[in-house]
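Please open the model in your viewer and keep the selection panel at hand. The tour goes from the whole chain to a single residue and its surroundings.

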Amino acid sequence: MEPPEPITIMNSPEEAAAAAHQPTDTISISGVIKEGTRIPFFIIKNDPLYQRPMYEKHWHSTYSGGRWSYMPTRIQYALHRLFTTYDIGLSSQYDFQQNVGIQFPLFQNKTDLDLYIIAFQTEITAVYTKGNQVVITGTPKHAGVQVATIKTGNLHPSDLKKVLLIQLATPQGDELDYSYVSYVAPDFWSQQIRKRKEREE
């Protein structure tokens, strides 16, 4: 439920790890919108009336051995309205959806991997990319949630050793939130199948 000792925690372990791999050639959001490439996005969940709960019952310590009850994690998720993930691991996806607090469909495209974008209280209007940045523009709302997908094949990072900086912003270029996620190639699943076959031979 709480840290072993009374300490101040500024960043989650995941954010601290991502900090060492942040892209260094980033530009302004308005620069990405103006100079970057606009790419397609697909809305797979849209609930404009969704009210984000302050607390969910499965976050209690009596559920699943307290799997989602660690309060620093709960606070970290509450601080953000933008979340990003891939469909590349059942256990991690289960934890991710439970932590975010919503369910959405997952597609294991064998040749064209999807990056999932979860945006609370925002109506997504466009997606742009340049280098290791992805900018999602949207209109802020008092309620609602959208889950969108973009194809990783439409992303062309300038540095594969660095993570992607995903930024949620107004169309005018004002940042609403951000997320870091590693770049995963579009043929991830076909590569996994190939490796499994090689091990079985």
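**The whole chain**

Begin with a cartoon of the protein, in which five helices and seven strands can be picked out; both are DSSP runs (helices H or I of at least four residues, strands E of at least two), numbered from the N terminus. Followed from the N terminus, these elements run α-α-β-β-α-β-α-β-β-β-β-α. The radius of gyration, taken over C-alpha atoms, is 18 Å, close to the 17 Å that the globule rule (2.2 Å times the number of residues to the power 0.38) gives for 201 residues, so the protein is as compact as a globular protein of that length.

This is a predicted model, in which local features need pLDDT of at least 70 and side-chain atom pairs count only at pLDDT 80 or more, while totals for chains, interfaces and linings use all residues. Residues are numbered from 1 along each chain as its sequence is written, and side-chain values use heavy atoms, with hydrogens and water left out.

**Strand β7 and Ser179**

Next select residues 175-181, which form strand β7, and within this strand pick Ser179. Is Ser179 buried or exposed? Its relative accessibility is 12%, so Ser179 counts as buried (under 20% relative accessible area; exposed is over 50%, partly exposed in between, with a 1.4 Å probe and protein chains only).

Now show the residues around Ser179: leaving aside those up to four places away in sequence, Ser179 touches Leu82, Thr84, Leu164, Leu165 and Ile166, where contact means heavy atoms within 4.5 Å. Finally, display the side chains of Ser179 and Thr84, which make a polar contact at 2.7 Å; such a contact is a pair of N or O atoms within 3.5 Å, and within protein one must be able to donate a hydrogen and the other to accept it, with residues adjacent in sequence counting only if both atoms are side-chain atoms.
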